[in-house]
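Below are my notes on the model, as numbered points. They cover one annotated region, strand pairing and aromatic contacts.

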Amino acid sequence: MIKLRSRIVFLTFFFVITLLISACSNNSQVNNQTDNENKDAKTDSTKEQVITVNALSEPPSLEPALIDNQVAGDISNQLFEGLVRLDKEGKIVPGVAERWETSDDGTIYTFHLNKDAKWSNGDPVTAQDFVYSWEKVLRPEVASPLGSNLFFIKNGAAYNEGSLKDPAELGVKAVDEYTLEVTLEKPTSFFLGLTAFFTLLPINEEVDKANSKWASEADTFVSNGPFTIESWKHGQELVMVPNENYWGKDVVKLDKLKWVMVNEQNTEYAMYQSNELDFSTNLPNSIRNKLISSGEANTAPSASLAYLRFNHKNDVFANEKIRQALGLALDRNLLVEKVTQGGEIPALGLIPIGLSSGAGEFRDLAGESLFKDNDVETAKQKLQEGLDELGLSSLPKINLLFYTDDTYNKLSQAMQEMWKKNLGIEVELQTMERKVFVRNIQAGDYQLAIYSTGADYDDASNLMGQFMTGDVYNYSNISIPEYDRLMKKAEAELNLEERAQYLVDAEKVLIDQMAISPLYYRTKVYLQKDNIDGIFQYTIQAIDFREAYVK
């Protein structure tokens with residue numbers, strides 16, 4: 001994950017440059033040098049080409065339209081392939097689309113599909129498969145968790161909310177069997193890269209219509225990516241093998257990619273030590289810093305934020321001064337150095353380092369600090385002002401909710417101590433299983449919660465929309481008219497520099513009111529065996545095993 005700012009800036013630079021040249025149509029070949037190197041690696045290796053990783057738990061669904069979490073997304077990214085994919089440096093390269101053109105005004109993309117692209121059952125991957133898949137994501141009755149990622153398509157939002165009934169009016173159509181035309185609501189600089197995201201992956205139309213449960217078992221699963229499912233023991237293990245019908249099968253070196261399902265950090269680490277796992281990301285918090293310091297663990301960038309979510313419908317947290325008091329009384333440097341210990345960066349803003357504004361890196365434009373960390377004196381002042389406004393002599397006991405996790409267990413205890421020491425506030429800690437936790441948050445059944453959010457695509461707006469009044473993901477019930485006004489200005493603005501400034505101004509309004517309290521920019525800490533290579537990890541929360549191999 002993020003360890004040094006320079007690494008993130010570098011990674012983001014070439015990713016943004018790729019987006020800016022998205023109209024180019026000469027991206028028709030995979031990097032031949034990389035392919036040849038990897039072919040040689042497999043030819044020379046006498047090792048069994050099998051890699052085992054941990055999926056933590058059974059994915060609720062592997063159908064792209066229904067995926068709502070990163071683990072299931074990581075699994076699906078090995079099984080399916082979108083119009084484009086990312087190479088090892090994060091640059092956009094052809095996927096199912098071998099080339100594309102963009103209209104002069106940036107609103108129409110014409111994708112020319114690779115005629116060698118096939119489904120694992122031998123069917124050709126057609127433009128109609130994409131039309132069907134994206135229309136399904138947008139159907140109101142499907143309730144796709146991340147369907148809003150397709151609202152950039154013309155009439156996507158209207159179709160999803162039900163005000164538009166005719167799917168033919170969506171901005172996605174098959175010109176012919178291998179030509180897909182996508183019309184956007186307005187120019188969207190990051191749209192091309194978004195087509196690699198798991199919600200936009202295609203499914204086989206005929207298979208889906210014949211069996212709505214095709215994605216739930218290995219023997220009915222049909223995919224178009226580098227791998228397909230050989231076996232699936234639910235709750236235990238999922239085994240992938242190369243898709244013999246994949247157009248780029250020559251770059252796939254693995255014979256098997258195994259996903260075990262172990263949701264306990266110490267057990268996972270023990271499995272890694274005993275060579276039962278080749279790659280591990282769920283490290284015990286107690287030894288994470290030691291593993292990083294020794295060089296055994298690595299860090300990779302992640303455009304993700306951990307933060308405090310206040311329920312604005314709660315009488316106490318509807319008060320801006322109370323929110324500011326709790327946010328300013330925390331020592332984030334201490335939290336990341338002594339508690340989380342995973343290379344995290346203290347967050348003094350909403351948008352993580354490395355995300356684009358559409359006109360350069362967001363944090364470069366907005367500045368790194370929107371408030372002072374560990375500002376105890378101001379926190380005390382804000383607390384008293386808030387109490388006066390509420391007519392209270394002291395705060396009632398506050399409940400902090402979080403899901404069961406070793407890091408969050410320690411983080412919550414550390415913050416509890418800081419609030420008591422710095423403000424004299426009593427905070428009760430409550431933990432629960434992750435699924436139950438999410439349901440409580442979505443139902444508004446909480447006061448204060450530890451939460452996280454991560455970007456699906458390389459643009460700050462991806463994380464900012466969820467805090468607008470009435471947004472489907474606004475589980476904090478935030479309603480700040482000035483924030484809404486600036487965000488709507490940004491949505492309508494075509495000039496990228498002016499749009500970026502609206503976003504910068506909106507973030508400042510949100511954080512000045514401490515509508516949420518940023519804690520730290522998250523990082524991905526991982527272990528990888530020395531004899532494993534070719535695993536690609538990206539800032540925008542994704543991992544790719546297509547070219548992975550055992551040396």
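1. Over residues 91-471 the chain is 30% helix and 20% strand, with the end C-alpha atoms 31 Å apart. UniProt, in an unreviewed entry, places the feature "domain: Solute-binding protein family" at these residues; its positions follow the numbering used here, feature names are shortened, and annotations may be inferred rather than shown by experiment. Helices (H or I, at least four residues) and strands (E, at least two) are DSSP runs, numbered from the N terminus.

2. On provenance: this is a predicted model, in which local features need pLDDT of at least 70 and side-chain atom pairs count only at pLDDT 80 or more, while totals for chains, interfaces and linings use all residues. Residues are numbered from 1 along each chain as its sequence is written, and side-chain values use heavy atoms, with hydrogens and water left out.

3. Strand E17 (residues 448-454) has five of its seven residues buried (under 20% relative accessible area, with exposed over 50% and partly exposed in between; 1.4 Å probe, protein chains only). Strand E13 (residues 304-310) runs antiparallel to E17 and is joined to it by seven bridges; Ser304 has Gly454 as its bridge partner. Strand E15 (residues 398-403) pairs with E17 in the parallel sense over two bridges, and Leu401 stands opposite Ala449. Two strands count as paired if DSSP finds at least two bridges between them.

4. An open sheet of three strands has the order E11-E19-E12, paired antiparallel. E11 (279-280) and E12 (298-300) are the edge strands, each with a single partner, so one side of each has no neighbour in the sheet. Three bridges join E12 to E19 (residues 524-528), with Ala300 opposite Lys524.

5. The structure holds 22 aromatic pairs (rings of Phe, Tyr and Trp, the last by its six-membered ring, with centres within 6.5 Å; planes under 30 degrees apart are stacked, over 60 edge-to-face, the rest tilted). Phe80 and Trp214 are edge-to-face, because their planes stand at 80°, with centres 6.4 Å apart. This pair links loops 134 residues apart in the chain. Phe80 is buried at 1% relative accessible area, and Trp214 is buried at 1%.

6. Tyr246 and Trp247 form a tilted pair, with centres 5.6 Å apart and planes at 55°. Tyr246 is buried at 2%, whereas Trp247 is partly exposed at 23%.

7. Ring pairs link Tyr307, Tyr403, Tyr408, Phe437, Tyr451 and Phe467 into a cluster. The charged end of Arg434 sits over the ring of Tyr403, 4.7 Å from its centre (CZ of Arg or NZ of Lys within 6 Å of the ring centre and within 35 degrees of the ring normal). Lys529 lies over the face of Tyr272, at 3.9 Å from the ring centre.
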